[in-house]
Amino acid sequence: MKESLFKGNFWSTDLTSTAGYDSIIQHLNDGRKNCKEFEDFLKERATIEEKYGKELINLSKKKPCGQTELNTLKRALELFKQQIDYVGQSHIQLAQMLRDEARKMEDFREKQKLHRKKVELIMDAIHKTRNLQYKKTVEAKRLYEQRCKDKDEAEQAVHRSANLVTQKQQEKLFVKLAQSKTALEDSDKIYQMNVGMLEKIREEWQNEHIKACEFFETQECERINYFRNALWVHVNLLSQECVQSDEKYEEIRRSLEMCSIEKDIEYFVNFRKTGSIPPAPVVYENYYSTQRSATSTRSQAPAPGIGRRGPLPIPASGPGDPDYATVDGYSLIHH
């Protein structure tokens with residue numbers, strides 16, 4: 001990396017100004033806030049992944065899905081639900097890994113805050129000392145300039161009144177001039193002393209400002225690098241989850257490739273068949289023809305106990321003859 005940029009670009013011509021320093025601090029605070037936002041994002045994503053994983057597991061365990069299928073398709077469906085359960089578990093594992101990444105981001109953020117706080121305390125103290133000394137120096141300068149004016153006025157008064165006042169008045173003017181010179185010398189010493197102290201503090205502050213800029217730039221480089229890597233890890237975790245899920249889905253696809261329509265049909269037939277002979281055709285049956293057949297059958301097979309009797313006489317007349325209903329010349333039909 002090239003030479004530090006912070007230390008050469010955050011100055012101000014105003015000695016008491018902290019504009020450059022404040023700009024750096026604001027940027028660092030924004031960076032810390034960005035890390036916190038990503039940390040919260042990871043936690044929220046973890047919650048979503050965990051909820052999704054649990055719902056997938058509940059779905060695979062509680063929701064029927066082709067539960068009456070048979071043979072090869074049944075095995076494929078069982079594997080399907082099993083793999084969905086595994087996918088749900090992997091999402092829960094991903095949620096935990098995301099929480100771990102969020103915790104690492106929080107640790108990094110707090111560590112940077114702790115280290116930065118030490119530098120900020122040093123800078124805040126030297127800013128306070130510098131500004132206080134600057135005020136003292138400004139006041140010493142104001143007093144020094146006032147004493148210069150007082151001396152000048154005393155000298156002018158002496159010159160103006162050289163031939164216009166009494167000896168006694170002249171002596172008073174000289175006394176006042178002497179006093180103003182003494183006061184000027186004292187204020188001059190105090191002013192120079194304050195300028196010297198301010199310059200010493202200015203150099204110290206400048207050195208600390210340079211060191212702070214270098215430290216802050218190093219921290220910012222570390223933060224950007226860590227943030228970038230954290231994003232990279234996050235995306236890798238998501239990709240890994242996709243790959244693992246696809247592996248589970250691939251097992252389902254392989255199982256579906258093993259499904260056989262013919263075997264499932266054959267399995268169903270063998271498992272649930274009820275018979276191979278269909279019902280006989282339905283035919284018309286004449287009632288009287290049926291009766292004749294029955295009578296003929298009975299006549300050919302005598303009943304037990306009457307085997308010694310001869311066969312019954314055959315009627316001489318049919319159902320259509322007038323004598324069909326007569327026995328020994330006596331008619332059963334009354335006219």
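**A residue in a helix**

Mentor: N71 is buried, with a relative accessible area of 17%; buried means under 20%, exposed over 50%, and partly exposed in between, with a 1.4 Å probe and protein chains only. The model is predicted, so local features need pLDDT of at least 70 and side-chain atom pairs pLDDT 80 or more, while totals for chains, interfaces and linings use all residues. Residues are numbered from 1 along each chain as its sequence is written, and side-chain values use heavy atoms, without hydrogens and water.

Phi of N71 is near 55 degrees, a positive value in a residue other than glycine. Most residues other than glycine have a negative phi.

N71 lies in helix α2; helices (H or I, at least four residues) and strands (E, at least two) are DSSP runs, numbered from the N terminus. Helix α2 covers residues 71-160, and its axis comes within 8 Å of that of helix α1 (residues 19-62), crossing at roughly 165 degrees. Axes are lines fitted to C-alpha atoms, for helices over the stretch in contact, and angles run from 0 to 180 degrees between N-to-C directions. That angle makes α1 roughly antiparallel to α2, a label for angles over 145 degrees. The crossing is left-handed: the near helix is turned anticlockwise from the far one by less than a right angle.

As for the whole chain, there are 5 helices and 2 strands, in the order α-α-α-α-α-β-β. Of its 335 residues, 26% are buried.

Technical notes:
Parallel < 35°, antiparallel > 145°, perpendicular 65-115°, else oblique.
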